[in-house]
Structure formats: C-alpha cells, structure tokens
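Subject: Structure handover and findings

Dear colleague,

I am passing on the structure we discussed, together with notes on what turned up in it. Please read the notes with the structure open beside you.

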Amino acid sequence: MAPSRSQTSLFSLLAVTALLPSPVWAFDCKDVMADRQHFDLSKLAGPHVVHWKEEDPAHDMRYKYNFTLDICDKLKWHKGGSLATECHHGARVCGLREDINLAVDRNATITPIDIAGTFTSLSGRVIDAKFELLRNPKSNSDSGREGVRAFLNGGRHPFTKDGLNQRAIIEFVCDKEKTGLEGDEKDDGEREDGDKDDGDDDKKEEKLRRRDDAGKGKCEDTENSLRFCGYQQEDEGKDKKVQTLRLEWKTKYACEDAPSVDGGSHWGFFGWFFIILFLAIATYLIFGSWLNYNRYGARGWDLLPHGDAIRDIPYIAKDFARKVAGTVQGGGSRGGYAAV
C-alpha cells in the first residue's frame, strides 16, 4: 500500500528537520574556506573605514571617497540616514563620494555607491563571495605571500539596469605582528568629542594626500593594518567593465597556522552534545515512524513512536508547573511557629 499524502508530507518534514542546521547565508566570517584552508576572521567584524582623494583639475572638481566595509554583517544606516547619504540595505561594502566643485565656493554633494552586498529586495543581486589562497597565485607578484584573497560582488552604480557593476577585492595578508586593528578607524557616525564633521582636518588631508600620491596599483604608505590600494575600472570579460575597490588587510588571523579565535573547538562540548542529541532524536522518530507504518499500518499521530506519550507532554508540563507553583506559594506563606 502506497503511503498517503499526509504521511509523505510527515516523512519529508522529518527528513528536512534532520538535516538542520545548514548555512543559508553567503558566507560566515568565522569560517572562511579557501582551497580547504579555514580562516576565522570574526575578530575583524564591525564597520571599518578607509579614505581616498581624486583630483580633476580640468573641471575644477575634487572627489573624496569614504569606503566603509563590514566583512561579517551588512552595514547599518546612521541615525537619520536616507538613500541620499547611505547605500541600500544589504550592503557590506559601501562608498560615499563627496563631489566638491572648487569653482563654486567648494559646494559639495554626496553620492552613495553600492560596491558589494546582497540586494535581494532590489534586483536579486547577491554578494557571491569567493576566496582563494594568496600562495596559489595567478601571477608571480604574489609568490611567497600567505593569506587569503576575497572577491565580494553584488554592487552596482547607479543601481539601474545600465549601471556599472561594482566589486571589492580584499587581500588578507598574514602578519603575525598585527591584529588587523592597528590604526583602525571605526564608522561610528561620531568622533570621540561628539562632533560628526569637525575634527583634525589637517591629519585627514594628510592621509588623503598620501593615498593619492601612492599612484594606481599601489597600496597607501601607512602603518595601518587596513590599506587602500585602488578604485578603478577593470576588465570583466566579454567587453564588460567592473569598478573594483582593492584593499589590503594585514592580520595574524590570515595566517594558515593562526590559533583558533575562541581558544578551542568551534562548537565546544555542549554544542556537539546538543547536535548529536538532536540528530539521534530525529533518526529515532523517522525510523520509528517508518516501522509503525510498515508493521502496523499506523496513520497520523500513530505513526510516531510513543505517540500517546508525545501528545501528553503539554499536559504533563502543565501539571508539573502547577505543582511547582503550589509548592512555592505554600512555602512562602508559612512563617513563625505552629500552634500546639
């Protein structure tokens, strides 16, 4: 006798449940895998910022870029933010370009640029993250380097059908002397003194100048762990262009022999215990249901082994809670000495 539709659905549900948990996100920064090598980059989580300045003397324009990235989560908007000053929701790498007209009283406009992320609510574009080891290079210039290279996609500017595709290529370079947070500039929306726009502008201009003088294809001259290396159009194949942001991030967590961030197993004893317990229960239910169907022709709740006991669990729990509550209330009202 062929199983009914309800029985087939029950078997399917139990089978799917037994396979959980399974990753449904693009990638997890706690377990980045490149060529069977695992890296835990979770210590680099949070929004980080780098800057770049570009001059256009022919049009009396200056362009200042703030590139913000979070490799572990999508970027969050600042308080009071809007699409005029923020990238779309789902961005992990965002560029804010400040267009300064030097001929008109230095008036500036802000242009957000979605570089990488998952924008399923807009056009179904996904980050499609890919990773490769630096020690397996396609060019001789990478020979002898240790670390992992990340390719993050999904962005477009403008965010229309005819917009230019964007991507970010981040090279996490092994440096056992760096945590990856040296010279870090967090994107917290405010400076330490509470001002959003004021601050040490001379130092920022010096940083921008050094990055501008570094030239194309070269990383900025700085001791910071996270360095800007370029933002320009590159060939994507088949006469297509892609605007590519290149960054270098020196950190000990990009070393192949880096110690575990959590100091031990990723799951721990209790994590593995609950996973094994869950799989054992799921296996028992599936096998027991199959046995009851084939041996006794059971239907519905009777398919489950000890179905009566499972149905009674809510009532047993309610009675237990009632007894506990009665014990607590009775003990709380008793006081002093009893009359003899």
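The notes below go from the overall chain to aromatic groups, salt bridges and a surface patch.

This is a predicted model, in which local features need pLDDT of at least 70 and side-chain atom pairs count only at pLDDT 80 or more, while totals for chains, interfaces and linings use all residues. Residues are numbered from 1 along each chain as its sequence is written, and side-chain values use heavy atoms, with hydrogens and water left out.

The chain has four helices and eleven strands, taken as DSSP runs numbered from the N terminus (H or I of at least four residues for helices, E of at least two for strands). Of its 340 residues, 34% are buried, where buried means under 20% relative accessible area, exposed means over 50%, and partly exposed lies in between (1.4 Å probe, protein chains only). Among contacts (heavy atoms within 4.5 Å) with a separation of 6 or more, 56% are between residues 24 or more positions apart. The chain exposes about 21,800 Å², of which carbon and sulfur atoms supply 55%; accessible areas come from the Shrake-Rupley method with a 1.4 Å probe, and for residues only the protein chains shown count as cover.

The structure holds twelve aromatic pairs, meaning rings of Phe, Tyr and Trp (its six-membered ring) with centres within 6.5 Å, called stacked when the planes are under 30 degrees apart, edge-to-face when over 60, and tilted otherwise. One of them joins W52 and Y231 edge-to-face, at 6.5 Å centre to centre and 80° between the planes. This pair links distant parts of the chain, since W52 is in strand β3 (residues 48-56) and Y231 in strand β10 (residues 226-237), 179 residues apart. W52 counts as buried at 11% relative accessibility, and Y231 counts as buried at 9%. Both belong to one aromatic cluster formed by W52, Y65, F67, F228 and Y231.

As for charged side chains, a search of the whole structure finds 16 salt bridges, each being a side-chain nitrogen of Lys or Arg within 4 Å of a carboxyl oxygen of Asp or Glu. In one of these, E256 and R135 bring their closest N and O atoms to 2.4 Å, and this pair links distant parts of the chain, with E256 in the loop between β11 (240-251) and α3 and R135 in the loop between β7 (130-133) and β8 (147-157), 121 residues apart. Both count as partly exposed, E256 at 23% relative accessibility and R135 at 43%. D257 forms a salt bridge with K176 (3.1 Å, N to O); D257 lies in the loop between β11 and α3 and K176 in the loop between β9 (164-174) and α2 (201-213), so the pair ties together parts that are 81 residues apart in sequence. D257 and K176 are exposed.

Lastly, F269, F270, F273, F274, L277 and I281 make a nonpolar surface patch of about 680 Å². Patches are made of residues with over 30% relative accessible area and no salt bridge, like charges being joined within 9 Å and nonpolar side chains (Val, Leu, Ile, Met, Phe, Trp, Tyr) within 5 Å.
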